[in-house]
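Please look over the sequence and the model, and then read the points below alongside them.

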Amino acid sequence: MTIVGLALGIFDFLLGFLAWPPKKLRLHIIILSDQGKPLVQPADLTRAVDFAKKTLKDRFNVKLVPYSKDFVEVMSEKVPARALTVHCDAGAFKEEFGEAGEFFSSHLAGWNAIPVSLRFPITAFIVKEIVGKIGCSLGPLSDYITVDVDGVKSQSTLVHEIGHACSLWHSQSKGNLMWSNDDRGNGVKWFQKNLLRSSRHVMYW
């Protein structure tokens with residue numbers, strides 16, 4: 001799907017620095033619950049969503065829109081312990097093929113074994129803890145990201161992880177959106193526009 005998406009986005013892969021015409025990225029945020037209580041409240045994500053919307057529009061000319069009626073959904077069903085506390089290191093790949101990965105993949109927006117639309121939304125799961133991190137993405141081959149309770153408090157972690165899901169890697173510039181630490185800015189390089197706008201998650205429709 002990533003390769004097909006890149007082929008369809010060849011214009012943006014080559015000329016994405018022009019940031020034209022406008023494109024869209026669909027996001028669905030799922031707040032997990034622990035012992036029947038949501039880990040955070042939907043209002044706690046307002047700051048991060050607003051920052052993501054502004055950054056994507058101002059820097060990439062990409063409109064962030066909800067996949068469903070609202071950006072945020074609270075999931076009340078019981079969640080496996082391995083999906084509440086996850087890793088973002090070598091252990092993440094092991095979890096991807098275990099109970100946590102199975103849980104996340106079964107709750108992806110826009111998927112039911114096969115794509116149910118050609119919009120390829122990103123699903124953000126709000127988890128209890130990411131060991132050693134506050135946000136995680138497995139990169140462009142995945143359709144979901146994770147942000148923990150501390151990451152929700154961060155203005156930029158959500159859109160930073162969205163960047164990873166759209167093929168962006170870490171930057172050495174503190175002012176860049178892809179700076180690895182949370183005290184980052186939201187600047188971007190021209191080639192980052194090309195990569196994000198050519199992602200299969202970023203569509204014209």
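In which loop does Ser167 lie? Ser167 lies in the loop between H8 and H9, and that loop returns several times in the points that follow. The model shown here is predicted, and the values below should be read with that in mind.

**Overall build**

- The protein chain contains nine helices and 13 strands. Its radius of gyration is 16 Å, close to the 17 Å that the globule rule gives for 205 residues, so the chain is as compact as a globular protein of that length.
- Taken along its principal axes, the C-alpha trace of the protein chain spans about 50 × 40 × 35 Å.
- Of the 205 residues in the protein chain, 49% are buried.
- When contacts between residues at least 6 apart in sequence are considered, 66% of them join residues that are at least 24 apart.

**Surface and charge**

- The accessible surface of the protein chain comes to about 10300 Å², and carbon and sulfur atoms account for 58% of that surface.
- The protein chain carries 24 positive and 20 negative charges, and the mean positions of these two groups are 9 Å apart.

**The loop between H8 and H9**

- Ser167, which lies in this loop, has a positive phi of about 85 degrees although it is not a glycine. Its relative accessible area is 23%, and Ser167 is therefore partly exposed.
- Ser180 is also placed in the loop between H8 and H9, and with a relative accessible area of 41% this residue is partly exposed.
- Leaving aside neighbours within four places in sequence, Ser180 is in contact with His170 and Ser171. Ser180 and Trp169 are 11 residues apart in sequence, and their C-alpha atoms are 9.3 Å apart in space.
- Asn186 has its place in the loop between helix H8 (157–165) and helix H9 (190–197), and it counts as buried because its relative accessibility is 19%, where the cut-off for buried is under 20%.
- The side chain of Asn186 is joined to the side chain of Thr55 by a polar contact of 3.2 Å. When neighbours within four places in sequence are left aside, the residues in contact with Asn186 are Phe51, Thr55, Arg59, Gly175 and Leu177.

- Within H9, the residues Gln192, Asn194, Leu195, Leu196 and Arg197 are buried.
- The cover over the buried residues of H9 includes helices as well as strands: helix H2 (10–15), helix H3 (46–60) and H8 are among them, together with strand E1 (23–31), strand E4 (62–66) and strand E13 (202–203).
- Arg200 is found in the loop between H9 and E13, where it is buried, with a relative accessible area of 5%. The side chain of Arg200 makes a polar contact of 2.8 Å with the side chain of Asp143.

**The loop between H2 and E1**

- Ala19 is found in the loop between H2 and E1, and its phi is near 50 degrees, a positive value in a residue other than glycine. With 15% relative accessibility, Ala19 counts as buried.
- Pro21 lies in the loop between H2 and E1, and the peptide bond that joins Trp20 and Pro21 is cis, with an omega of about -5 degrees.

**The loop between H7 and H8**

- Gln155 is found in the loop between helix H7 (149–152) and H8, and this residue is partly exposed, with a relative accessible area of 32%.
- Not counting residues up to four places away in sequence, Gln155 touches Arg47, Ala48 and Phe51.
- Gln155 and Ala52 are 103 residues apart in sequence, while the distance between them in space, from C-alpha to C-alpha, is 8.3 Å.

Technical notes:
Residues are numbered from 1 along each chain as its sequence is written. This is a predicted model: local features need pLDDT of at least 70, side-chain atom pairs count only at pLDDT 80 or more; totals for chains, interfaces and linings use all residues. Side-chain values use heavy atoms; hydrogens and water are left out. Helices (H or I, at least four residues) and strands (E, at least two) are DSSP runs, numbered from the N terminus. The radius of gyration is taken over C-alpha atoms; the globule rule is 2.2 Å times the number of residues to the power 0.38. Buried means under 20% relative accessible area, exposed over 50%, partly exposed in between (1.4 Å probe, protein chains only). Contact means heavy atoms within 4.5 Å. Accessible areas come from the Shrake-Rupley method with a 1.4 Å probe; for residues, only the protein chains shown count as cover. Lys and Arg count as positive and Asp and Glu as negative; His and the chain ends are not counted. The place of a charge is taken as NZ of Lys, CZ of Arg, CG of Asp or CD of Glu. A polar contact is a pair of N or O atoms within 3.5 Å; within protein, one must be able to donate a hydrogen and the other to accept it, and residues adjacent in sequence count only if both atoms are side-chain atoms.
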